[in-house]
Structures are given as structure tokens and as C-alpha cells.
Amino acid sequence: MRKDKLYSILLEIYREVYKKLAVDFDAVDKGDNWFLNYTMSEIEQFDILSKVISKYKLTRVEKTIIKSNYILGCSPKLPIK
């Protein structure tokens, strides 16, 4: 699978996550650390991530790459416990 396909899947995940927060991912102003303004539980985030990933036929390595990039990217911060 080409890298741009994995990137498009990652963007789809971000769009779904931020849509759940009532934010248009493509329209939000992406200044420095903009994603820290949003909070979502880890369970909700990984439910969405799993739902989107399950739509595609991916290898275990590709799934790991997407999950790692999601976590290290602009995912919403986790609530403080």
C-alpha cells in the first residue's frame, strides 16, 4: 500500500474524531499546538480509530503505523484524571 493511502486514512480518522467534537478538521485554524484546545477520552478516540481502520484491508504493520502517527500527531489531549 502506498504511503499516501495511509496518510488519507489518518486524515479520515482525524476528521471523524474532530467531527465528534463538533469541529471541522479541515477548517480549523492550525496554529501552534491548536489541538491542545480539545479534549476527548482515550476510549472514544480509539473507538473511532478502530472503526475507521476496520473499513480497510491493512496489514498489522500498516495499522500500527497509523495508530502511532495518530497518537504522535494532532490528536486531542486526554482529560486529566
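The model is predicted, so local features need pLDDT of at least 70 and side-chain atom pairs count only at pLDDT 80 or more, while totals for chains, interfaces and linings use all residues. Residues are numbered from 1 along each chain as its sequence is written, and side-chain values use heavy atoms, leaving out hydrogens and water.

Let's begin with the overall fold. The protein chain has three helices and zero strands, in the order α-α-α from the N terminus; helices are DSSP runs of H or I with at least four residues, strands runs of E with at least two. The radius of gyration of the protein chain, 13 Å, is close to the 12 Å of the globule rule for 81 residues, so the chain is as compact as a globular protein of that length. That radius is taken over C-alpha atoms, and the rule is 2.2 Å times the number of residues to the power 0.38. Buried residues make up 33% of the 81, where buried means under 20% relative accessible area with a 1.4 Å probe, protein chains only.

Now look at two of the helices. Helix α2 (residues 42-53) and helix α3 (residues 60-72) pack at about 145°, their axes 12 Å apart; axes are lines fitted to C-alpha atoms over the stretch in contact, and angles run from 0 to 180 degrees between N-to-C directions. Which residues of α2 and α3 meet? Gln45, Phe46, Leu49 and Ile53 in α2 touch Lys63, Ile66, Lys67, Tyr70 and Ile71 in α3, contact meaning heavy atoms within 4.5 Å.

Note on methods
Buried < 20%, exposed > 50% of the residue type's maximum accessible area, 1.4 Å probe, protein only.
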